[in-house]
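Hi,

Here is the structure I said I would pass on to you. Have a look at it first, and then read on for what turned up in it.

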Amino acid sequence: MDQNKIESFISIVETESITGAAEKLYISQSTLSDRLVALEEELETRLIHRGPGNKKLELTEKGVDFLDFAARYLELNKEIDDWKQNRQRLQLKISAPQSVNTYLFRDFYKVYLENEKHHLDISSHWNRTIYNMVYSFDTDIGIVSRPYQSKQIMTESLLEEPLFVIYDSRYANYTHLKQLEKKNQIYIGWGPAYEDWYNQHWDPNKLPKVTLDSPELLMSYLESKNTWAIVPLCMYKTLNCHNKYIKEVEHDLPIKRVLYMIYQKGVSDSRNQMIENYLQDLYHYILKMENNGFCKVLMEKP
């Protein structure tokens, strides 16, 4: 059994597509299919249902069972490679949406590193990408705003953060939600609960002024007549500090941004201990944030 076959299988599961997996691995679909067939022949079992009647790729029962073995196989190979190269793995990989890394946990990362903890490898991605990275052990801990079901990945509620409607007072003057038109909105998605609340207040069939997948572009768009946006408290505080014209429309919206923490325990005791230590430090940090009115802790004490 070689690593290429295992990586091909996991890529198919992650992308839910032979085409998508082939593109991700930069190989042809025929090569990918050959690897899957070879793996199934080696294991003497069918891993994936496929055929004209199957519109969506689905794992067989054996395929679901093998997925856990496959993920652990890749992680163990990484551990062996580190051992061969005499590399001691002292870095912890963290993946989260840009708004979390840039605004919410920026100070936590600084404190963590100042206390001479493990080296941090911090990256920003979309929710689905973060799940895929945790799935394949490409990152150790992920923070997401949209949870997905997974038997392999542990998903735990982390915190709940207030949301605010904001605008630039040089270009608009708002005092109530009823004044806000969707055509003037800079839209950023903050999770499924937010989207349900949002669609109750604004027509889901109409389009906002612009939709962003990153908060970094927000300020340039707010400098337009009548534009407005909904952002979490961590962003509002930072933007307000850097621009005195950023104002809020109403205080205490009835909807919050909920964040979830995802990770996967593996075969390495040292890695699992790093994750456990990080979670303990993170818990105490967000507990301080709650005491200062920045969020509500949903995470259970490690």
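**What turned up**

Asn 127 has its place in helix α7, which covers residues 127–135. Please keep in mind throughout that this is a predicted model. With a relative accessibility of 14%, Asn 127 counts as buried, because the cut-off for buried is under 20%. If residues up to four places away in sequence are not counted, Asn 127 touches Pro 97, Val 144, Ser 145, Arg 146 and Tyr 148. Tyr 148 also turns up in another setting: the charged end of Arg 128 sits over the Tyr 148 ring, 3.8 Å from the ring centre.

A pair of rings is described by the distance of the centres and the angle of the planes. The count here comes to 19 aromatic pairs. In one of them, Tyr 194 and Trp 197, the ring centres are 6.2 Å apart and the planes stand at 35°, so this pair is tilted; planes under 30 degrees apart would count as stacked and those over 60 as edge-to-face. Both residues belong to helix α8 (residues 192–201), where they are three residues apart, about one turn of the helix. Are they buried or exposed? Tyr 194 is buried at 1% relative accessibility, and Trp 197 is buried at 8%.

Tyr 194 has another partner, Tyr 198: these two form a tilted aromatic pair, with 5.8 Å from centre to centre and 35° between the planes. Tyr 194 and Tyr 198 both lie in helix α8 as well, four residues apart, about one turn of the helix. Both of these tyrosines are buried. Elsewhere, ring pairs join Phe 105, Phe 108, Tyr 109, Tyr 112, Tyr 278 and Tyr 285 into a cluster.

Two members of that cluster, Phe 105 and Tyr 278, lead on to the packing. The largest nonpolar core has 64 residues, and Phe 105, Ile 166, Tyr 278 and Ile 286 touch the most other members. Which helix gives the largest share of this core? That is helix α11 (residues 269–291), with nine residues. Leaving aside neighbours within four places in sequence, Ile 286 is in contact with Phe 105, Leu 158, Leu 159, Cys 295, Val 297 and Met 299. There is also a second, separate core of 26 residues, and Ile 6, Val 13, Ile 130 and Tyr 135 are among them.

Last, the charged pairs. How many salt bridges does the structure hold? There are eight. In one of them, the side chains of Lys 5 and Glu 42 meet at 3.2 Å, N to O. This pair links distant parts of the chain, since Lys 5 lies in helix α1 (residues 3–15) and Glu 42 in helix α3 (residues 29–43), 37 residues apart. Lys 5 is buried, with a relative accessible area of 18%, whereas Glu 42 is partly exposed at 36%.

Arg 46 and Glu 40 form another salt bridge, with their closest N and O atoms 3.8 Å apart. Here Arg 46 is partly exposed at 46% relative accessibility, while Glu 40 is buried at 7%. For Glu 181 and Lys 183, the closest N and O atoms of the salt bridge are 3.9 Å apart. Glu 181 is partly exposed, with a relative accessible area of 40%, and Lys 183 is exposed at 54%. Finally, a network of salt bridges links Asp 168, Arg 170 and Glu 223.

Best wishes

How values were computed: Residues are numbered from 1 along each chain as its sequence is written. This is a predicted model: local features need pLDDT of at least 70, side-chain atom pairs count only at pLDDT 80 or more; totals for chains, interfaces and linings use all residues. Side-chain values use heavy atoms; hydrogens and water are left out. Rings of Phe, Tyr and Trp (its six-membered ring) pair if their centres lie within 6.5 Å; planes under 30 degrees apart count as stacked, over 60 as edge-to-face and the rest as tilted. Helices (H or I, at least four residues) and strands (E, at least two) are DSSP runs, numbered from the N terminus. Buried means under 20% relative accessible area, exposed over 50%, partly exposed in between (1.4 Å probe, protein chains only). A charge sits over a ring if NZ of Lys or CZ of Arg is within 6 Å of the ring centre and within 35 degrees of the ring normal. Contact means heavy atoms within 4.5 Å. A nonpolar core is a set of buried Ala, Val, Leu, Ile, Met, Phe, Trp, Tyr and Cys residues joined through side-chain atoms within 4.5 Å. A salt bridge is a side-chain nitrogen of Lys or Arg within 4 Å of a carboxyl oxygen of Asp or Glu.
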